[in-house]
Amino acid sequence: MKTLKSLLGAALCAGAALLAAPAQAQNYKSEYKLSIVLGTQFPWGKGAEIWSDLVRERTDGRINIKLYPGTSLVQGDQTRELTAIRQGVIDMAVGSPINWSPQIRALNLFALPFMMPDHAAIDALTQGEVGRQLFAIVEKAGVVPLAWGENGFRQVTNSRHPIASPADMKGLKLRVVGSPLFIDIFTALGANPTQMSWADAQPALASGAVDGQENPMSVIAAAKLHAVGQKYMTMWNYVADPLIFVVNKEVWQSWSEQDREIVRQAAIDAGRQQVQIARKGMTAEDSSLLDEARGNGVQVTELTPEQHAAFVAATKPVYDKWKKQIGEALVAQAEKDIAARGK
């Protein structure tokens with residue numbers, strides 16, 4: 001009888017241990033699909049890779065993540081990525097507010113022309129009240145936001161001539177992302193903006209189908225755009241591109257509370273590392289990316305305060321129009337936080 005009781009007790013203990021296993025891991029997927037636009041040679045993809053590695057390590061392999069660059073899970077259509085996350089086609093993503101802004105209008109905030117003058121301004125938004133409000137909006141839209149990363153300030157390149165004034169934009173056919181706000185900005189500057197995915201952009205630049213494009217310096221350098229005719233680059237910091245680490249809501253709810261916290265903290269840690277990687281070579285102390293561009297034969301134009309002011313003035317009507325569409329209260333909070341940065 002004693003032996004029977006001992007065996008029964010051991011069985012009960014074993015059953016309790018199984019129930020206590022983190023998130024009933026036996027029900028977890030063998031692989032979680034993480035979507036990114038750019039591969040691991042870019043800061044964008046590097047941040048996703050760091051997140052994936054941290055999650056696998058910290059969950060002891062319970063959560064395994066596979067990266068899908070080139071937004072390949074939606075055939076390269078960056079603007080469909082958010083919808084695919086909501087639908088469960090994509091489990092996780094490190095995505096750009098630019099690409100998700102057609103579905104979540106408030107995310108156009110970061111694309112308001114010339115709103116953010118420096119890195120401290122980006123940080124004031126993503127790490128403050130604006131960032132919290134945007135995360136609430138994103139979560140209401142059906143995905144779980146965990147952390148901010150960064151793609152960087154976006155610069156403009158072209159194959160025809162230097163750009164130092166709005167007049168120099170006239171007639172240039174420029175590839176832009178699939179956002180109506182970007183169309184408005186470049187139309188206001190006299191350019192001919194053409195929407196296309198990143199996968200289509202490089203062949204279009206190489207063939208001369210488009211004259212130029214706009215992207216962060218880290219992307220311009222890693223993609224070697226100087227090799228596809230982009231010989232002129234203007235440093236104008238007209239918009240900045242943070243990134244958001246997110247998880248599909250059903251996937252998030254399928255994990256244990258312990259694993260959710262692990263995934264969240266891993267995203268925060270990866271985001272911080274990604275920001276550092278994205279800013280490397282783009283500071284007053286470290287201008288190595290600019291030096292590299294010049295070494296590759298690119299003519300770099302750095303705007304004077306007067307030249308910069310001319311671009312700000314030319315795009316002011318676009319700013320005012322989109323401020324209303326994004327939400328005047330949110331934009332006012334952003335302007336307030338930027339003005340108070342560093343104080």
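In helix α7 (residues 180–188), the buried residues are Leu-181, Phe-182, Asp-184, Ile-185 and Phe-186. Buried here means under 20% relative accessible area, with exposed being over 50% and partly exposed in between (1.4 Å probe, protein chains only). Helices (H or I, at least four residues) and strands (E, at least two) are DSSP runs, numbered from the N terminus. The cover over the buried residues of α7 includes α4 (97–100), β4 (143–158), β5 (173–176), β6 (192–195), β7 (212–216) and α13 (305–326). Just past the end of α7 comes Gly-190, with a positive phi of about 90 degrees.

This is a predicted model, so local features need pLDDT of at least 70 and side-chain atom pairs count only at pLDDT 80 or more, while totals for chains, interfaces and linings use all residues. Residues are numbered from 1 along each chain as its sequence is written, and side-chain values use heavy atoms, with hydrogens and water left out.

On the whole-chain level, there are 14 helices and 10 strands. The C-alpha atoms fill a box of roughly 95 × 40 × 40 Å along the principal axes, and 51% of the 343 residues count as buried. Contact means heavy atoms within 4.5 Å. Of the contacts with a separation of 6 or more, 73% come from residues 24 or more positions apart.

As for confidence, pLDDT (the predictor's confidence in each residue, from 0 to 100) averages 92 over the protein chain, and 92% of the residues score at least 70. Residues 10–23 are another story: pLDDT stays under 50 there, and the model has 11 contacts beyond four places in sequence for this stretch. Where pLDDT is low, the predicted coordinates should not be read in detail.

Next up is a helix pair. Helix α2 (residues 43–58) packs against helix α11 (residues 257–279) at an angle of about 150 degrees, and their axes are 8 Å apart. The axes are lines fitted to C-alpha atoms, for helices over the stretch in contact, and angles run from 0 to 180 degrees between N-to-C directions. The two helices, α2 and α11, are therefore roughly antiparallel; the cut-offs are under 35 degrees for roughly parallel, over 145 for roughly antiparallel, 65 to 115 for roughly perpendicular, and oblique for the rest. On the α2 side, the residues that meet α11 include Trp-44, Ile-50, Trp-51, Leu-54 and Arg-58. Their partners in α11 include Ile-262, Ala-266, Ala-270, Gln-273 and Ile-277. By class, the contact of α2 with α11 has 13 nonpolar, four polar and three charged residues. Nonpolar covers Ala, Val, Leu, Ile, Met, Phe, Trp, Tyr, Cys and Pro, charged covers Asp, Glu, Lys and Arg, and the others, Gly among them, are polar.

Trp-51 turns up again among the contacts of Ala-93, which lies in strand β3 (residues 92–95). Ala-93 counts as buried because its relative accessibility is 0%. Setting aside neighbours within four places in sequence, Ala-93 also touches Leu-34, Ile-85, Trp-100 and Phe-245, among others.

Asn-158, in strand β4, is buried, with a relative accessible area of 1%. Beyond four places in sequence, the contacts of Asn-158 include Ile-163, Asp-211, Gly-212 and Tyr-232. His-308, in helix α13, is partly exposed at 30%, and its contacts beyond four places are Phe-114, Trp-236 and Leu-303.
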